[in-house]
Amino acid sequence: MAAPMVRGLVGAAAAYSRCPAAAAYSAAYSRCPAAAAYSAAYSAAYSRCPAAAAAYHARPLGLGLGPVSRPLGPDSPDRPERKRFAAAGSASGVAAASLWPGPGELRRLVRHQTDWQPPLHALCARVQAADTQRRQRQRLRQKLIAANMAKMPKMVEEWRREKREAKVKQREEKARRDRLLAEARERFGYSIDPRNAKFQDMVKELEKEEKKKQKLIKRRKNMEAGASEAVMAAATPLNRVLTTQNLE
């Protein structure tokens with residue numbers, strides 16, 4: 001449907017351009033002062049109209065580029081004087097000396113060259129510094145690996161010892177739990193849940209008795225050690241006398 005409409009519009013435009021009356025009307029309109037004044041007034045009013053300015057939106061190019069603003073001051077590389085001198089030369093009326101970059105543009109060029117176009121010796125120094133840092137990191141890593149590998153046998157042995165101790169402790173805990181359950185069954189005449197209050201009270205009582213037994217055993221050992229020291233102290237002078245007699 002769109003193709004016939006376009007062909008009709010093109011045909012109408014071509015017919016209008018070949019029509020003598022239309023050509024005469026256009027020529028008369030272009031020579032009419034009132035028409036020229038009306039066109040100028042309409043253009044000026046349209047340019048000052050906020051609604052007309054707000055209604056105009058340029059279609060984006062779809063390049064993903066943000067807005068770019070280029071200053072056109074005396075330090076701008078896109079000054080119109082340069083373009084005129086480049087197009088017409090000395091006939092443009094622009095003095096060639098005024099086209100040299102200003103102080104601001106020179107500072108910007110020097111900064112750009114320093115940041116993005118450093119000299120060769122600076123690039124070599126940068127590469128050498130990066131290589132030195134990389135070698136230092138590699139040496140530190142190798143040193144850390146060697147230190148960890150030297151600690152590996154001891155760490156493995158400690159891990160195995162901890163595992164053995166954990167297993168022994170687990171077996172002892174299981175044996176203690178079974179012994180307590182058997183004693184509770186003996187005392188109450190039936191199997192009892194370890195979470196029962198009676199069982200917890202029995203465990204506390206047995207722990208107190210065990211502590212008393214350990215204290216008594218420790219006290220007996222201390223008494224026996226004291227008695228043996230006293231016997232040895234009393235036997236020492238007698239040994240000295242016997243030793244002296246034997247020497248004589």
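Ile 145 sits in helix α7, residues 120-188 (helices being DSSP runs of H or I, at least four residues, numbered from the N terminus). This is a predicted model, in which local features need pLDDT of at least 70 and side-chain atom pairs count only at pLDDT 80 or more, while totals for chains, interfaces and linings use all residues. Residues are numbered from 1 along each chain as its sequence is written, and side-chain values use heavy atoms, without hydrogens and water.

At 36% relative accessibility, Ile 145 counts as partly exposed. That class lies between buried (under 20% relative accessible area) and exposed (over 50%), with a 1.4 Å probe and protein chains only.

**Salt bridges**

The whole structure holds eight salt bridges. Each is a side-chain nitrogen of Lys or Arg within 4 Å of a carboxyl oxygen of Asp or Glu. Three of these pairs follow.

| Pair | Closest N to O |
|---|---|
| Glu 105 and Arg 82 | 3.2 Å |
| Glu 207 and Arg 176 | 3.1 Å |

Glu 207 lies in helix α8 and Arg 176 in helix α7, so their pair ties together parts 31 residues apart in sequence. Salt bridges with shared partners join Asp 131, Arg 134 and Arg 135 into one network. Asp 131 and Arg 134 are three residues apart in helix α7, so about one helical turn separates them. Glu 105 and Arg 82 are both buried.

**Contributions to the pocket lining**

Arg 176 and Glu 207 are among the residues lining the largest pocket. Helix α8 gives the most to this lining, with seven residues.

Note on methods
Helices (H or I, at least four residues) and strands (E, at least two) are DSSP runs, numbered from the N terminus. On a 1 Å grid over the protein atoms alone, a cavity is a set of points where a 1.4 Å probe fits but cannot get out, and a pocket is an open set with protein on both sides within 12 Å along at least five of seven lines; lining residues have an atom within 4 Å of a point.
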